[in-house]
Amino acid sequence: MGKEDIVMTRRNSSSEIKRRNKSAVLRQMIRMGETTKPELAVALRLSLPTVGQIVEELIKAGYVEETGRAASVGGRRPVSVRVAPGKWRALGIDITAHHMGFAIVDLAEGVVAHERFYALFSVGKESRAKLRFEAERFLAQNGVGKDDLLGVGISLPGIVSVDQRSLLVSHALRVTEPMELIGDKCFPCPVRYFNDATAACMVECYADDAPDSFFFLSLSNTVGGAIVIHKQIVEGDNNRSGELGHICVVPGGRRCYCGQAGHYDAYGAAWLLAEKAGGDLAKFFELVEQGDGEAAAAFDEYLDMLAMLLCNTIMVSDLPVILGGYVGNYLKPYLPKLKQKVANLDIFGQDDPNIRICRRKEEAAATGGAMYFLEQRIESL
């Protein structure tokens with residue numbers, strides 16, 4: 001390596017350190033809300049001049065704003081700062097066979113609006129036109145213009161292209177060839193597609209206290225999953241990793257929607273529980289809490305199958321598992337029982353398997369799809 005190369009490497013290292021520090025300061029401000037430069041310096045263990053310079057740059061770029069003077073702790077009162085609300089937003093859209101879900105995520109305020117409603121999906125112009133109409137309505141209803149968006153993330157139960165610009169195939173939606181529901185021409189910002197479980201998993205990945213590596217299992221009307229290694233979602237060679245719903249648990253068993261027999265999805269989909277209560281999942285869990293015999297028996301059988309899948313997943317990966325999706329939102333009171341069922345199957349005698357419940361309970365997939373763009377912006381500072 002010559003002298004010129006060494007100088008270039010040092011420059012790159014210096015700029016990379018500055019970029020990381022800037023991202024760290026912005027993330028810390030998101031965590032702390034209104035704060036001061038001295039507080040940031042202490043929290044991040046950076047020098048006050050370094051933090052001061054970064055904050056000034058963030059103010060000039062429009063990410064941060066001053067809010068006045070904080071209380072004095074001796075000497076001159078420091079200036080309070082915060083991430084500027086309403087400046088950096090993204091739209092997330094979740095598409096299922098029977099519903100549409102929307103979420104607007106703001107860099108400073110988190111999820112500022114979300115909505116879900118019944119909408120039957122079909123492959124055709126009418127379905128795409130309805131999606132565009134509802135997306136524009138939702139934005140207008142919440143005072144957000146298209147020009148205000150960093151991007152639009154669309155999550156679906158299917159396999160998306162490597163460049164995230166189209167849905168390749170979806171058994172659940174009966175899509176057999178590549179298609180776009182909304183293209184870049186519909187919005188003056190990037191539009192990207194995500195598998196629904198992958199999108200919901202992003203919410204967990206971006207959390208400060210998330211495990212470094214874990215499995216994510218989405219228990220919705222279709223069952224999906226995602227694998228995270230060192231904070232990165234593993235997509236696999238064909239963008240199909242983590243398809244836990246299509247693991248065979250009962251050879252020759254119930255027919256899965258994909259056409260094969262015995263897949264876990266045929267035993268673990270949320271609608272199987274909801275149909276025990278007239279299609280209402282919340283009502284089903286109310287019946288379980290009330291001690292309804294039929295509901296309790298169905299739920300116990302559900303937990304048995306879930307425990308089998310979790311045990312197999314832990315055996316393969318030796319990683320923590322995070323449960324999300326429609327059913328995951330209701331599992332917290334039953335987590336000790338589920339863990340015991342998993343422990344009973346564990347040949348290594350693990351009494352307390354590392355299984356936890358997801359953070360985001362409402363519109364997790366839509367939220368994750370939107371958060372992707374905020375994270376991209378933070379990392380590109």
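**Close-up views of a predicted model**

View 1. Tyr302 is buried, with a relative accessible area of 2%, where buried means under 20%, exposed over 50% and partly exposed in between, for a 1.4 Å probe and protein chains only. Phe299 is likewise buried, at 3%, and both residues lie in helix α9 (residues 293-317), three residues apart, about one turn of the helix; helices are DSSP runs of H or I with at least four residues, numbered from the N terminus. The two rings form a stacked pair, 6.4 Å centre to centre with 20° between the planes, given that rings of Phe, Tyr and Trp (its six-membered ring) pair if their centres lie within 6.5 Å, with planes under 30 degrees apart stacked, over 60 edge-to-face and the rest tilted.

This is a predicted model, in which local features need pLDDT of at least 70 and side-chain atom pairs count only at pLDDT 80 or more, while totals for chains, interfaces and linings use all residues. Residues are numbered from 1 along each chain as its sequence is written, and side-chain values use heavy atoms, leaving out hydrogens and water.

**View 2. Phe299 and Tyr334.** The ring centres of Phe299 and Tyr334 are 4.9 Å apart and their planes stand at 75°, so this pair is edge-to-face. It links distant parts of the chain, since Tyr334 lies in the loop between α10 (325-328) and α11 (335-345), 35 residues from Phe299.

Conventions: Helices (H or I, at least four residues) and strands (E, at least two) are DSSP runs, numbered from the N terminus.
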